Amino acid sequence: MRQYPSLHRSSSTGEADKMPMVLLRPVTFVTGNAKKLEEVRSILGQSIPFQSLKLDRNHPFIPSLVSSSVSNFDSEKCLNYKVNQKRYPRKRPDRLQSRKWFLQKTGHEGLNNLLKAYEDKSAYAMCIFSLSLGPSNEPITFVGKTQGKIVPPRGPNDFGWDPIFQPDGYEQTYAEMPKEEKNKISHRSKALALVKSHFASASYIFETDA
Ligand SMILES: O=c1nc[nH]c2c1ncn2[C@H]1C[C@H](O)[C@@H](COP(=O)(O)OP(=O)(O)OP(=O)(O)O)O1
Ligand SMILES: [Mg+2]
């Protein structure tokens with residue numbers, strides 16, 4: 001049987017399925033967002049061997065997500081799709097064509113204005129990592145959520161909606177917090193904590209050239 005070149009199981013018997021999988025290349029974190037990459041680097045440190053691959057959302061194989069208008073389930077499904085497309089590109093189906101970005105359209109002010117009519121400004125930030133171990137494995141997803149509220153923008157405007165998201169229990173927005181502080185409590189760090197524990201318990205064996 002031909003094996004996918006990036007990995008193989010140590011053995012194919014049922015019992016041995018529990019044996020650690022050998023990974024022949026570092027985990028590839030696919031993102032076109034330098035700020036995300038910066039956070040992931042700083043949160044992961046040396047814990048998992050990884051490399052990054054920049055493919056922006058205009059890449060022909062990548063359908064865009066409108067995170068604010070899809071359910072958790074859809075986000076996961078779309079992200080899994082995205083991960084598989086990025087690693088095993090096919091022609092993208094029509095129904096997942098690019099859409100405009102919500103935040104880009106409304107801006108921080110617009111989002112606040114939308115909420116003016118509502119007393120409840122509560123929100124959560126959600127991060128989903130989808131790990132693909134190859135075309136014959138279902139992607140594994142890791143979800144991190146941080147509860148908070150939407151507020152008028154405060155702090156540096158250099159990363160998405162950071163200025164308008166104030167996590168519960170804090171007086172500062174994500175943008176106002178020192179980076180290390182955001183990275184301790186963020187949706188991204190919670191998702192990465194799950195990724196880390198997955199890697200710890202799966203005990204993957206990295207046999208990469210690097
Ligand atoms: O922690 C965050 N704090 C503030 N803003 C954030 C954060 N995380 C994502 N964002 C923004 C970036 C983009 O405006 C939108 C979602 O887009 P999203 O597809 O996840 O990011 P992206 O297209 O920039 O990079 P990628 O190549 O990883 O898809 O939310
Ligand atoms: Mg994107």
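What you are looking at is a predicted model, where local features need pLDDT of at least 70, side-chain atom pairs count only at pLDDT 80 or more, and totals for chains, interfaces and linings use all residues. Residues are numbered from 1 along each chain as its sequence is written, chains are lettered from A and ligands numbered from 1 in the order in which they are written, and side-chain values use heavy atoms, with hydrogens and water left out.

Now for the overall picture. Of the protein's 210 residues, 40% count as buried; buried means under 20% relative accessible area, exposed means over 50%, and partly exposed is in between (1.4 Å probe, protein chains only). Contact means heavy atoms within 4.5 Å. Among the contacts with a separation of 6 or more, 54% are between residues 24 or more positions apart.

Two strands pair if DSSP finds at least two bridges between them.

Zoom in on strand 5, residues 122-131. Strand 5 runs antiparallel to strand 6 (residues 140-150), and 10 bridges join the two. Ala125 stands opposite Thr146 in strand 6, while Cys127 faces Gly144 in that strand. Strand 5 is mostly covered, with 7 of its 10 residues buried. There is also a charge to look for: the charged end of Lys145 sits over the ring of Tyr124, 4.0 Å from its centre. To count, NZ of Lys or CZ of Arg must be within 6 Å of the ring centre and within 35 degrees of the ring normal.

How many aromatic pairs does a search of the whole structure find? There are 6. Rings of Phe, Tyr and Trp (its six-membered ring) pair if their centres lie within 6.5 Å; planes under 30 degrees apart count as stacked, over 60 as edge-to-face and the rest as tilted. Take Phe29 and Phe129: their ring centres are 5.7 Å apart and their planes are at 50°, so the pair is tilted. Phe29 lies in strand 3 (residues 27-30) and Phe129 in strand 5, so the pair ties together parts that are 100 residues apart in sequence. Phe29 is buried because its relative accessible area is 12%, and Phe129 counts as buried at 12% too.

Phe199 and Phe206 make a stacked pair, 6.3 Å centre to centre with 10° between the planes. Phe199 is buried, at 9% relative accessible area, whereas Phe206 is partly exposed at 25%. Elsewhere, Trp161, Phe165 and Tyr174 form one aromatic cluster.

A nonpolar core is a set of buried Ala, Val, Leu, Ile, Met, Phe, Trp, Tyr and Cys residues joined through side-chain atoms within 4.5 Å. Which members touch the most others in the largest core? Of its 20 residues, Phe129 and Phe199 do. Strand 3, helix 1 (34-44), strand 5 and helix 5 each supply at least two residues of this core. A second, separate core of 10 residues includes Leu111, Ala125, Ile164 and Phe165. Back at Phe199, and leaving aside neighbours within four places in sequence, its contacts are Leu23, Val27, Ile48, Leu131, Tyr204 and Phe206.

Two more residues round out the tour. Met177 lies in the loop between strand 7 (165-167) and helix 4 (179-185), yet Met177 counts as buried, at 5% relative accessibility. Not counting residues up to four places away in sequence, Met177 touches Pro167, Tyr170, Gln172, Lys182 and Ile185. Ala193 has its place in helix 5 (residues 187-202) and counts as partly exposed, because its relative accessibility is 41%. Its C-alpha atom is separated by 8.9 Å from that of Phe142, 51 residues apart along the chain.

Methods: Helices (H or I, at least four residues) and strands (E, at least two) are DSSP runs, numbered from the N terminus.
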